Amino acid sequence: MADIILGLMGGLGLFLFGMKLMSDALEKAAGAKMRSILEFFTKTPLRGILVGTVFTAVIQSSSAATVMVVSFVNSGLMNLYQAAGVIMGANIGTTVTSQLISFNLSALAPAIVMIGVVMTMFCKKTQIQRVGEVLLGFGILFMGLNTMSSSMAVLRESPEVVGIMGSLSNHFVALLVGVAVTAVLQSSSATVGIVLLLAQQGLLDIRICFFIILGCNIGACVSALLAGLNGKRDAKRAALIHLLFNIIGTIIMFVILTVALEPVTAFIQAISGMDPGREVANAHTLIKIVEVIMLAPFIKQIVKLTGFFVRGEDSAAEEKFELQFIGSKSVFSPTTAVFDATRELERMGQMAITNLERAMNSLITLDENDIAEVYEVEKQIDFLNHAITDYLVKINKTTLPTDDANSIGGLFHVVNDIERIGDHAENIADAARTRIEEGIDFSPQAKRELSEMLDMVIKVTTYALDMFSHNNQEHMQEILDLEDQVDDAERALQESHVQRLTRNECTASAGMMFSDIVSGLERVSDHATNIAFSLLEDDPIEQQKEQRAQAAVRN
């Protein structure tokens with residue numbers, strides 16, 4: 001008996017490891033692309049259901065898909081109605097795993113593992129290595145199934161085991177077993193896989209398998225609920241949508257199966273060719289499809305019901321010294337980690353731009369309240385600088401989609417560039433305070449010139465932040481042109497202020513301050529341009545310099 005238990009444990013370990021390896025590899029290979037698809041094609045609940053089904057079928061994990069959706073809701077990319085559709089679709093997509101398991105591929109598993117090992121170890125291209133990891137996980141999964149199946153075949157000869165399994169006739173108890181096992185394994189696919197093997201060995205009757213599968217529906221909600229605990233109210237509601245959908249669907253299906261168990265069993269057996277494994281897989285898929293068909297028309301009601309359990313609204317106000325999209329109060333998903341960091345960087349960038357405008361206003365108007373506010377916001381920017389940097393270090397150590405992993409270096413540069421923009425705003429506030437304390441005056445012409453240069457700098461910085469945050473390259477050329485214009489303006493204004501000094505139209509202290517501010521604004525423009533092109537493989541600025549150098553040689 002000890003050998004049998006060890007065989008079952010080893011087989012289950014291989015199965016779970018293979019499933020995780022396969023799911024992680026698929027997520028790394030397709031996560032960033034699938035995230036874009038998920039973002040674009042979920043404008044209506046129906047499209048959300050279709051995309052959720054396909055997405056989950058691809059990454060082989062409803063838990064990962066649901067946690068990603070909760071993360072999207074937390075960061076404001078997706079509303080609850082869109083999330084509900086994707087979550088329903090994810091429930092259908094997760095049944096693809098059981099369908100694959102039902103086709104006994106154990107004989108091919110060693111060959112699949114070998115191919116995966118060769119691709120992973122000897123191929124240099126990252127994408128080929130990812131495919132190799134998928135095949136490796138797929139093969140290990142089936143080797144684990146084969147090990148468990150062999151152990152269960154021995155158990156089939158034990159009268160005690162047959163008696164215990166045969167005594168599981170209470171439908172509600174079977175449902176609770178499904179909930180408990182799935183909650184522990186954190187995978188409904190793993191539980192259904194075990195049930196499938198038990199059915200194939202004749203240890204479980206197909207009728208009782210239906211109710212264990214219903215329990216799996218509820219147990220599978222644990223991951224999303226844990227993910228939503230630290231999120232905003234809407235993130236909690238998104239996780240609750242998953243739970244409510246599965247509880248309501250399970251109750252309805254429990255009643256239907258209890259009333260019409262024999263007709264349903266006969267139908268499942270007829271379409272499955274009397275193959276117990278296929279019967280379990282088909283039952284899993286059909287139960288999910290029927291639940292979605294029944295509950296999809298009531299998405300609005302389900303979303304409203306979550307508001308009853310999670311009351312209140314998320315505050316739109318930005319709290320001081322607190323992260324909004326990452327950190328302890330956010331939802332962590334490797335597939336959305338870089339996206340969430342980008343949203344936090346966008347928020348930090350908007351703070352820096354606003355603070356730069358506020359600082360320049362204080363320089364011209366000498367408003368003490370504006371000066372104090374600049375210093376206060378700069379503290380927030382410094383806090384975000386350290387917090388985001390720490391987060392980037394943390395996620396850089398995790399398994400990220402390939403495209404996201406390649407962009408981490410650029411994000412480190414962006415957080416530094418935004419922090420430097422904040423420092424320049426603080427320098428301008430220091431200059432405003434010096435003007436007040438020392439009675440330094442600016443001529444109307446100097447004020448006008450600074451205002452005009454600030455307008456250009458704010459424009460290029462706004463375009464740059466938009467290009468970085470949303471990959472919006474509409475203003476790429478305009479950013480390059482504005483950067484050149486700011487450089488030209490800086491040179492022109494420096495010459496202009498020297499001429500004013502020569503004509504004794506301003507004091508030396510005013511001239512030095514003017515010169516420092518103009519230089520600072522030009523550096524802000526440089527930082528903004530760095531931000532704009534931080535995630536592009538080819539740097540247009542360097543290309544432009546090279547083209548100019550070549551043109552100069554030709555001329």
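Predicted model: local features only at pLDDT ≥ 70, side-chain atom pairs only at ≥ 80, totals over all residues.
## The second largest cavity

The volume here is about 40 Å³.

Who's in the lining? You'll find Gly 349, Ala 352, Ile 353, Ile 418, Ile 421, Thr 461, Ala 464, Leu 465 and Ile 531. Three helices each bring at least two residues to this lining: helix 17 (337-365), helix 19 (402-438) and helix 20 (444-470).

## The largest cavity

Now for the largest cavity, which holds about 50 Å³ of space. Counting cavities of 30 Å³ or more, the structure has 3. How do you spot a gap like this? Rolling a probe the size of a water molecule over the atoms shows where empty space is left.

The lining of the largest cavity is made up of Phe 442, Ser 443, Ala 446, His 497, Arg 500, Cys 506, Ala 510, Gly 511 and Phe 514. By class, that gives 5 nonpolar, 3 polar and 1 charged. Helix 21 (476-502) and helix 22 (508-532) each supply at least two of the lining residues, and helix 22 has the largest share, with 3 residues.

## Helix 9, end to end

Helix 9 covers residues 171-185, so 15 residues in total. From first C-alpha to last, helix 9 reaches 21 Å, close to the 21 Å expected at 1.5 Å a residue. Which residues of helix 9 are buried? They are Ala 174, Leu 175, Gly 178, Thr 182 and Leu 185. Look down the axis of helix 9 and these buried residues fall within an arc of 110°, so they line one face of the helix.

Both ends have something to look at. At the start of helix 9, a side-chain oxygen of Asn 170 comes to within 2.9 Å of the backbone nitrogen of Phe 172. Just after the helix, Gln 186 takes a positive phi of about 60°.

## Positive phi in two loops

Met 274 has a positive phi too, near 60°, and it is a residue other than glycine. You'll find Met 274 in the loop between helix 14 (261-272) and helix 15 (276-295). Is Met 274 buried or exposed? With a relative accessible area of 56%, Met 274 is exposed.

Leu 366 is not a glycine either, yet its phi is positive, at about 60°. This residue sits in the loop between helix 17 and helix 18 (368-395). Leu 366 counts as partly exposed, at 29% relative accessibility.

Conventions
Residues numbered from 1 in each chain as written. Heavy atoms only, no water. Helix = DSSP H or I, 4+ residues; strand = E, 2+ residues; numbered from the N terminus. Expected span 1.5 Å × (residues − 1). Buried < 20%, exposed > 50% of the residue type's maximum accessible area, 1.4 Å probe, protein only. Arc of directions from axis to C-beta. Polar contact = N/O pair within 3.5 Å; in protein donor to acceptor, adjacent residues only side chain to side chain. 1 Å grid on protein atoms, 1.4 Å probe; cavity = no way out; pocket = protein on both sides within 12 Å on 5 of 7 lines; lining within 4 Å. Points joined across faces, edges and corners; volume = space filled by probe spheres on them. Nonpolar A, V, L, I, M, F, W, Y, C, P; charged D, E, K, R; others polar.
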